[in-house]
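Please look over the chain shown here, from its overall form down to single residues, and keep the model open while you read.

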Amino acid sequence: MVEPIFGVLGAVAVGLATPALPYALSFAAGAMIYVVVDDIIPEANTNGNGKLATWGAILGFLVMMTLDVGLG
């Protein structure tokens with residue numbers, strides 16, 4: 001008796017979460033980019049390459065987004 005009840009509840013939960021999924025994934029991607037850049041930039045500043053690391057992260061993000069939009 002428990003499996004059909006929670007199967008229906010799971011299906012309802014998926015139906016309710018589907019509209020919010022793109023926003024949740026966008027937030028997760030932004031959080032991952034922030035964590036990577038937050039770790040890279042201070043480490044690069046210790047060696048005097050802070051501006052190069054910042055511009056590299058920006059350029060890499062732009063290339064990634066261009067390829068994502070261009071290739072679908």
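## A nonpolar patch and the chain around it

Helix α3 is the element that gives the most to the nonpolar patch, contributing six residues. This is a predicted model, in which local features need pLDDT of at least 70 and side-chain atom pairs count only at pLDDT 80 or more, while totals for chains, interfaces and linings use all residues. Residues are numbered from 1 along each chain as its sequence is written, and side-chain values use heavy atoms, with hydrogens and water left out.

The patch lies on the surface and is formed by I33, W55, I58, F61, L62, M64 and M65, which together have about 660 Å² of accessible area. Patches are made of residues with over 30% relative accessible area and no salt bridge, where like charges are joined within 9 Å and nonpolar side chains (Val, Leu, Ile, Met, Phe, Trp, Tyr) within 5 Å. A salt bridge is a side-chain nitrogen of Lys or Arg within 4 Å of a carboxyl oxygen of Asp or Glu, and accessible areas come from the Shrake-Rupley method with a 1.4 Å probe, with only the protein chains shown counting as cover for residues.

The secondary structure of the protein chain comes to three helices and zero strands, and from the N terminus on the order of elements is α-α-α. Helices (H or I, at least four residues) and strands (E, at least two) are DSSP runs, numbered from the N terminus. The radius of gyration is 20 Å, well over the 11 Å that the globule rule gives for 72 residues, so the protein chain is more spread out than a compact globule; this radius is taken over C-alpha atoms, and the rule is 2.2 Å times the number of residues to the power 0.38. Along the principal axes, the C-alpha atoms fill a box of roughly 65 × 30 × 15 Å. The protein chain exposes about 6,100 Å², of which carbon and sulfur atoms supply 77%.

Two of the helices can be set side by side, with the expected span being 1.5 Å times one less than the number of residues.

| Helix | Residues | Number of residues | First to last C-alpha | Expected span |
|---|---|---|---|---|
| α2 | 21–46 | 26 residues | 39 Å | 38 Å |
| α3 | 50–71 | 22 residues | 31 Å | 32 Å |

After α2 comes G48, whose phi is positive, near 85°, and just after α3, G72 takes a positive phi of about 85°.

For residues 52–71, an unreviewed UniProt entry lists "transmembrane region"; UniProt positions are given in the numbering used here, feature names are shortened, and annotations may be inferred rather than shown by experiment. In the model, the chain over residues 52–71 is 100% helix and 0% strand, with its end C-alpha atoms 28 Å apart.

Which residues are buried and which are exposed? Buried means under 20% relative accessible area, exposed over 50%, and partly exposed in between (1.4 Å probe, protein chains only). Of the 72 residues of the protein chain, 6% count as buried. A44, in helix α2, counts as buried because its relative accessibility is 12%. F27 is also found in helix α2, but F27 is exposed, with a relative accessible area of 65%. In helix α3, W55 counts as exposed at 58% relative accessibility.
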